[in-house]
Amino acid sequence: MKHTWKKAAAFVLATVLVVGIAPANVGTGEFFGQTGIVAHAASSTVTLNTNGGTINSGNITSYSEGTGAILPTDVTKEGYAFEGWFTNANFTGLPVTEISAEDTGDKTYYAKWTFYVRMGSYNGYDVDWFCVKTNTNGSMMMSKYVLKASRFGANGTYSTSDIHSWLDIDSGGTFATDLGLTASELALVKTIDSSSTYGDGTDQFTIPTLDGLDGLRSLYYTKAGVISNPSSIASIYWLRTMRDSGSARVVRSSMNTVSAGYSGATYGGRYIRPMFYLDETTMRSMIVGGSGTEDDPYILEQRYDISTNITPTNGGTVSATASRGGSEIYSGKLPNKMVAGANVTLTPSSAVGYNFKSINVNDGNVDVTDNLDGTYSFNMPDNAVTVNAVFEAIAFSNASVTLGDDLALNFYVDGIADDTAAAEYTVNFTGACVDESSALAYNATEGKYYATTHVYAKDIDKDITATLCKGSDTVDTIEDYSITQYLSSPAFSGADEKTSALITATKDFGNASSEYFYGTGSGYSDGFESYDPDTSAYAATFDSDAAKLSLVLDSKTAARLYVKGDESGTESTINATKADYPSYHEVTGLLPQNLADEQTITVGETDYKFSALSWCNRVLTNGSASQKNVNMAKAIMAYYEAAKNYTAPANPYADKSLGDVVTFGNYNWYIIGKSDNGVTLLMKDNLEIRKYNDSDTDVTWETCSLRTYLNGDFYNSFSDEDKAKIVSTHNSNPNNPDFNTSGGNETDDYIYLLSIYEANALDDINSSIRTNDSWWWLRSPGCDSEFAAFVYEDGGVETGGNYVDYENVVRPALNLEF
């Protein structure tokens, strides 16, 4: 179809050529067989007044009537933009681009020039102003784009309008501040000439009047756009001229056509296009950049680019204020330009589901001050900058179970900065869990905030859904997660022996509970059936007829005591035994590693001593117990043993060797013995000089005053944390090997002295451990009960000893267990 159209167009064109155009050399003669006369066209002059500009090409001085001519467009003037040829020096009407074939007579045209000035910014865009008229008062400037939409104002005049209130800075209008105009820029703004059709003699900034439009048509209606989107052309603008009370005029623009319309003054959907008189002479002395053309406006105070890099792009926003000389010059979203020297304050704002993490300018090459109030400031340099703001997604990162603690699922959240931010979030739970919602708490070990829901032992394989919320907004969700699922995760595939044992025991505990309460189980671990724990140490001090026991298996365990005939406790819910055992007394909050702790409940005059494991003892020693009770008791015992081993503190001296020196309780000690979970220590230096006994009398280690001091004042000088690690040592106190002097009774000591045998055994480690700068006491007796053995400075052991009331150095020994 397109190819056919081209052929048809060519045929028509050929027809026109043949019929309508005579050869150029024809005067009188034949024209395809016809005789006629062709007259010469009249020539008229063309005067082009360039008003200081230069016609670079296409200049014309005349035209032929009936033919016309094209006016030149390659016209330039330094510092100005060419806006077209006009038929009058006042530049009224629309510009002329050609002389038509119908025109006759001589023609004069005037070149109109406009310069552009960049001054201020609005909604992040530079505001460019162009000259629409020049007189003795200055150059009338108009914004290239409309700046905002506003209502005019109800039932009033321009001087009482909302627009005037915004523009009039003398009356508190914020226009200059909103544009960030500096003091030197404002000094260029002259009061609009009262004789002008544009002003009333009092305003610095205004909008056009109806009478002032005619000379603006060539520019005003073809260059208007909305500042928030310069590629858009807005169609309706407010005028200052009133039509009647309560109604203001507007101008509708559509490229080169103009029409006047009316609108109620309260209507808010009209735009504002400010104007002002510029002191051009002063302005030109302040130019720091630009050529004055539309594409390259004059720059009065250099503004440098500000780019924004938000990571991720939907993570949040950054707003800004800027001040200079103590005065605010900008407030709003982060501008795309700013004058050098301005102090810019940045305020990052997180989107829902994100948290602000960090901000820098030029990747840290511009100093940024944290104002500690959620804002950050920097001084704008004389170059472009990029503000980099990083936001972190707030989302669930992982879930965990705290082994050896409550049965509970912990859901961890990434992206929470601090307690203030955490307070804005909650986690809601659905499914087989105890807690329906939880606030966020901080885990210093993980360095994250988390929320916890507790789980009954019988439900550890049942699903839970966690929903992270900020107010009514859902931020993230983890669906269908269980304790069993966590314990079966690949993260535990390489767990150490203690962790693996507790994971297995926890699963068996949950499985036994499910079997006990629901009658369903998922199968026990290998070895569970043959597991036969010794529970004799946990037997209660009362028989099963005097009082009965039960356990409550929630996220923590509770033990209940039912005393026969006692009604002073909480009413029993066990109907089968309620008649004889009507109430119970309860110990709650037992962690698995504490199930063996002895509990004492006094009912009447009787103390009932038991532990939670006493229930297991009764079940496992009762030959008629049901299999589900046996399985439950075995699972509890395994859970206790695994949790106890798991929570036992690690031996900090595990990598040390015998003879090494370590520090404990602010003293240096030799390691003279080791076990898997503990060490035996001998003080390296002298504690003090002290008598073995305060008086000269027959004594043993059990009865001497030095033992009383070491296990009293000296032991109590350790911190509670350190004392918890010092375990009681059972000492046999053998007789003197050379004199057979009695060593006395066996003792249990937190702090003690070495015996003769133990001192000699140091040879197996390093005999130099015995050397000292003074004699030091041993606990063994000497040649008789008034003497105690000691060690010489060179490490030799004196079995004959010294008088017990003689002063020797004290080097204590002790055992630590972890």
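Analyst: A residue is called buried when its relative accessible area is under 20%, exposed when over 50%, and partly exposed in between (1.4 Å probe, protein chains only). The model is a predicted one, in which local features need pLDDT of at least 70, side-chain atom pairs count only at pLDDT 80 or more, and totals for chains, interfaces and linings use all residues. Residues are numbered from 1 along each chain as its sequence is written, and side-chain values use heavy atoms, with hydrogens and water left out.

User: Is aspartate 459 buried or exposed?

Analyst: The relative accessible area of aspartate 459 is 8%. Because buried means under 20%, aspartate 459 is buried.

User: Which residue forms a salt bridge with aspartate 459?

Analyst: A salt bridge requires a side-chain nitrogen of Lys or Arg within 4 Å of a carboxyl oxygen of Asp or Glu. For aspartate 459, the closest N and O atoms of the pair are 4.0 Å apart. The partner has 29% relative accessibility and so counts as partly exposed; it is lysine 462.

User: How many salt bridges does a search of the whole structure find?

Analyst: Some of them are linked in a network, which includes Arg118 and Asp305. The search of the whole structure gives a total of 20.
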